[in-house]
Amino acid sequence: MNVVFIGLSKTKYMHSASFLSDKRFRKAPKRYSKDYTATIHSVENIISSIKEGEIAIPEIQRPFVWDGSKVRDLMDSLYKGFPVGYIIVWKNPDIRLKNGKVSSGKKILIDGQQRITAIEAAVVGQEVVDSTYKKKRIVIAFNPIEEVFEVWNPAIGKDSKWIPDISVGVSKIADDF
């Protein structure tokens, strides 16, 4: 079993000394002798991994429960360069995924599902399966003049000051992250 801790931040590198200096993570008891690796990735790399299907959600994970305002807040934190925590993935070829397939060497998401799914929804433009198991699209808008994110609504859709859907032209936005 190979568990990977991935730091998620706006910049390519995030200070992780406090995490790595935690004695609980540096040396595992002999019965847990499998190693882990801590890897820092930029949001751009995470988005690329999502688009390529390299990160997968196991069927044991709960459905997406965040509302649009939490997705908006995550986008705002990423834009401002605030740390948004680690995601934990496990490389195992034999785990059944939410889509019914087997993982086949993908990185299985253990922790960070809500954040990864929020990025899939807002930046990549994928539909999410909500807590009622219905597919829905979460659209996040951006006002570049005021540097504000908001959940799309009809008023924003009519206002030329807003980019109504940040997933459109995602490569330009990803470069800024």
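1. Strands β3 (residues 55-56) and β5 (residues 107-111) pair in the parallel sense over 2 bridges; strands here are DSSP E runs of at least two residues, helices are H or I runs of at least four, both numbered from the N terminus, and pairing requires at least two DSSP bridges between the strands. Ala56 has Ile108 of β5 as its bridge partner.

2. The model is predicted: local features need pLDDT of at least 70 and side-chain atom pairs count only at pLDDT 80 or more, while totals for chains, interfaces and linings use all residues. Residues are numbered from 1 along each chain as its sequence is written, and side-chain values use heavy atoms, with hydrogens and water left out.

3. β5 also pairs with β4, in the antiparallel sense over 4 bridges. Here Ile88 is bridged to Asp111 of β5.

4. The largest nonpolar core has 29 residues, of which Val71, Leu74, Met75, Ile119, Ile140 and Ile166 touch the most other members. At least two core residues come from each of α3 (43-51), α4 (68-80), β4 (86-91), α5 (113-124) and β8 (140-143). The most come from α5, with 7 residues. Such a core is a set of buried Ala, Val, Leu, Ile, Met, Phe, Trp, Tyr and Cys residues joined through side-chain atoms within 4.5 Å; buried means under 20% relative accessible area, with a 1.4 Å probe and protein chains only.

5. Mean pLDDT (the predictor's confidence in each residue, from 0 to 100) is 76 for the chain, and 72% of the residues reach 70 or more. Residues 9-29 have pLDDT below 50. Where pLDDT is low, the predicted coordinates should not be read in detail.

Technical notes: Buried means under 20% relative accessible area, exposed over 50%, partly exposed in between (1.4 Å probe, protein chains only). Contact means heavy atoms within 4.5 Å.
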